[in-house]
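Please examine the sequence and the structure shown below before reading this report.

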Amino acid sequence: MSCTDDATTGACQVDPGVEAGDEPRGTVSIRTIAMPADTNPSGDIFGGWLMAQMDLAGGTHARKAAGGRVVTVAVNGFSFHLPVKVGDEVTCYTEIIKRGRTSLTLDVQAWVCRQDGGAKIKVTEGVFVFVALDAEGRARPLPPVVSSPR
Ligand SMILES: CC(C)(COP(=O)(O)OP(=O)(O)OC[C@H]1O[C@@H](n2cnc3c(N)ncnc32)[C@H](O)[C@@H]1OP(=O)(O)O)[C@@H](O)C(=O)NCCC(=O)NCCS
């Protein structure tokens, strides 16, 4: 599923030079600005901050799909393609790629629009696994998927 929100939010567009198929996938779950407080001692945005944003983005999507509390159980295939800079608008896109009995696997991508404008660039992606929890913190079965009326 391709992202379709940008026309309504006014966000910058994908660089027309990117390879076919390489565009944001899924739902916008978080959009924020990288701030000076998020930098490492070298002045670059700290990778841990970006991982936290992606965990939050995947977690909020998973919580809605699971109908309640979820927890991160695994993060796989995490890649930092390009740096994030202070002032970048960071958008995290999330897509459920697998439903288990109690777990949801989400593809999470972070794309940025640089402060000076220009095209949207994919900086980071990873696969996050969340588990639905009951009130005692034990894994619980996911609710059935409700299909939309035609
Ligand atoms: C999540 C947790 C409750 C799972 O408990 P558990 O007794 O191991 O439960 P299960 O073995 O039944 O696994 C539950 C699901 O997680 C999946 N899972 C467990 N470990 C996994 C891993 N390393 N990678 C991918 N999936 C994993 C299982 O396949 C299962 O999925 P399914 O029901 O869809 O088939 C427990 O591992 C936990 O509390 N972990 C700590 C989570 C945490 O603190 N996260 C960091 C802060 S957010």
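The report that follows treats the model, its elements and the surroundings of the ligand.

## Confidence in the model

The structure is a predicted model. Across the protein, the mean pLDDT is 89, and a value of 70 or more is reached by 85% of the residues.

## Elements and overall arrangement

The protein contains two helices and five strands. Read from the N terminus, these elements follow the order α-β-α-β-β-β-β.

Of the 150 residues in the protein, 27% count as buried. Contacts were also sorted by separation in sequence: among those between residues at least 6 apart, 70% join residues at least 24 apart.

## The shell around the ligand

Which residues are found around the ligand? They are Val71, Thr72, Val73, Ala74, Gly100, Arg101, Thr102, Ser103, Val129, Val131 and Ala139. By class, six residues of this shell are nonpolar, four are polar and one is charged.

The strands β2, spanning 70–80, and β5, spanning 120–132, each supply at least two residues of the shell. The largest share comes from β2, which provides four residues.

Methods
Residues numbered from 1 in each chain as written. Predicted model: local features only at pLDDT ≥ 70, side-chain atom pairs only at ≥ 80, totals over all residues. Near = placed C-beta within 6 Å. Nonpolar A, V, L, I, M, F, W, Y, C, P; charged D, E, K, R; others polar. pLDDT = per-residue confidence, 0-100. Buried ≥ 20, exposed ≤ 12 C-beta atoms within 10 Å, placed from the backbone. Contact = placed C-beta atoms within 7 Å.
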